[in-house]
Amino acid sequence: MTDEQSRSARAFETLAIHAGNTADPLTGAVVPPIYQVSTYKQDGVGGLRGGYEYSRSANPTRTALEENLAALEGGRRGLAFASGLAAEDCLLRTLLSPGDHVVIPNDAYGGTFRLFAKVVSRWGVEWSVADTSDPAAVRAALTPRTKVIWVETPSNPLLGITDIAAVAEIAHTAGARLVVDNTFASPYLQQPIALGADVVVHSTTKYMGGHSDVVGGALITNDAGIAEELVFHQNAMGAVAGPFDAWLVLRGIKTLAVRMDRHSENATRIADMLTAHPSVTQVLYPGLPEHAGHETAAKQMKAFGGMVSFRVKGGEEAAVEVCNRAQLFTLGESLGGVESLIEHPGRMTHASAAGSALEVPADLVRLSVGIESGDDLLADLKQALG
């Protein structure tokens, strides 16, 4: 049995702990060392020792993380970056040229929208918006110059669900690539490559790291040609994950499975409570049977994740007050850590989308549900809602 066959035969929980985590050959340490080094002694001119010459090009700690990422997403190659947006920037400049066109979702992370609207567009790349939960809308948004369809599922912050397999077929029929941001789900709950995605994107800051102590990003692909180009651009552009950051993400991934189970369990309880609360007008959580994407989510996800958004009576000011009254839920941006967070997307994470097709409702509150006691989290939200 080859290493690849052996890897594919192992369960996710096993891969999360062991893939890329080879015992140190010098000491036998079971945790990969932090190679806090910039350069490496070469075995003669041009004679690289183990393939390492300079840590922008490769670093053993980063290699361990990249091998782990590839294994978890079922990809041929994983690449680790300094942030999720650094990963996105590298990907877009690898896949696109001036004059190309991208279809982006009508609900997406504000930083992703800002990258398209304020940065990539200045490079001569055009983009248009589509409701990616509707395959017909995606198909209608295509042009002869469309090279990439970009999807978030679940989406941020409205928790929309896109049928990855259906959109992959649309993309490939049109000669385009499908990119899926899998940050909200994590590879434990969803594996887009198996459903037809060409590249998977992560902000490893979130569930992969899981402890709000590191910023990072990742790209994973099963396409050898894309992988080769990404490796070149990663080195040429240089926004790589540092060794300590790579080590922190690798450590976080080891508990990803158990954390995601608890995140999902707590989020389900909270979504059920919010659905019945008189101050709440709408709950956005794909685990609810009434969610428009529930059946698709149940088909392509193991569970429904730890993100919940809801809308409140009283409009924007009421939503802000809920955020301010929360005590156990920390008012803050980001998501995916062990601690629960609450935020007002319109004024915080998605302020850059104001006035655009991606503008979020002013009465929206977004929760990143942590792994604390579910009873304590429910009590805090009830008092915050009044």
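The questions and answers below concern a predicted model and ask how some of its descriptions are reached.

Q: What makes Cys 323 buried or exposed?
A: The relative accessible area of Cys 323 is 3%, and because the cut-off for buried is under 20%, Cys 323 is placed among the buried residues.

Q: How many disulfides does a search of the whole structure find?
A: The search finds zero disulfides, where a pair of cysteine sulfur atoms would have to lie within 2.5 Å to be counted.

Q: Where is Thr 204, and what is Thr 204 in contact with beyond its neighbours within four places in sequence?
A: Thr 204 lies in the loop between β6 (199-203) and β7 (217-221), and, leaving those neighbours aside, Thr 204 is in contact with Gly 209, Gly 216, Gly 217, Ala 218 and Val 249.

Q: How do you know whether Thr 204 is buried or exposed?
A: Thr 204 has 2% relative accessibility, and as buried means under 20%, Thr 204 is therefore buried.

Q: What makes Lys 313 buried or exposed?
A: Lys 313, which sits in the loop between β9 (307-312) and α13 (315-325), has a relative accessible area of 52%, and because exposed means over 50%, Lys 313 is called exposed.

Q: Which residues does Lys 313 touch, not counting residues up to four places away in sequence?
A: On that count Lys 313 touches Pro 278, Ser 279, Thr 281 and Ala 318; Leu 96, by comparison, is 217 residues from Lys 313 in sequence and 43 Å from Lys 313 in space, C-alpha to C-alpha.

Q: Which members of the largest nonpolar core touch the most other members?
A: Among its 68 residues these are Ile 270, Leu 274, Val 283, Phe 310 and Leu 367, and helix α11 (residues 256-276) supplies the largest share of this core, eight residues. A second, separate core has 27 residues, including Phe 113 and Val 179.

Q: How do helix α3 and helix α10 cross?
A: The axes of α3 (residues 60-73) and α10 (residues 243-253) come within 8 Å and cross at roughly 35 degrees, and the crossing is left-handed. Residues making the contact include Leu 65 and Leu 69 of α3 and Trp 247 and Leu 250 of α10, and the residues of this contact divide into 10 nonpolar, two polar and one charged.

Notes. Residues are numbered from 1 along each chain as its sequence is written. This is a predicted model: local features need pLDDT of at least 70, side-chain atom pairs count only at pLDDT 80 or more; totals for chains, interfaces and linings use all residues. Side-chain values use heavy atoms; hydrogens and water are left out. A nonpolar core is a set of buried Ala, Val, Leu, Ile, Met, Phe, Trp, Tyr and Cys residues joined through side-chain atoms within 4.5 Å. Buried means under 20% relative accessible area, exposed over 50%, partly exposed in between (1.4 Å probe, protein chains only). Helices (H or I, at least four residues) and strands (E, at least two) are DSSP runs, numbered from the N terminus. Contact means heavy atoms within 4.5 Å. Axes are lines fitted to C-alpha atoms, for helices over the stretch in contact, and angles run from 0 to 180 degrees between N-to-C directions. A crossing is left-handed if the near helix is turned anticlockwise from the far one by less than a right angle, and right-handed if clockwise. Ala, Val, Leu, Ile, Met, Phe, Trp, Tyr, Cys and Pro count as nonpolar, Asp, Glu, Lys and Arg as charged, and the others, Gly among them, as polar.
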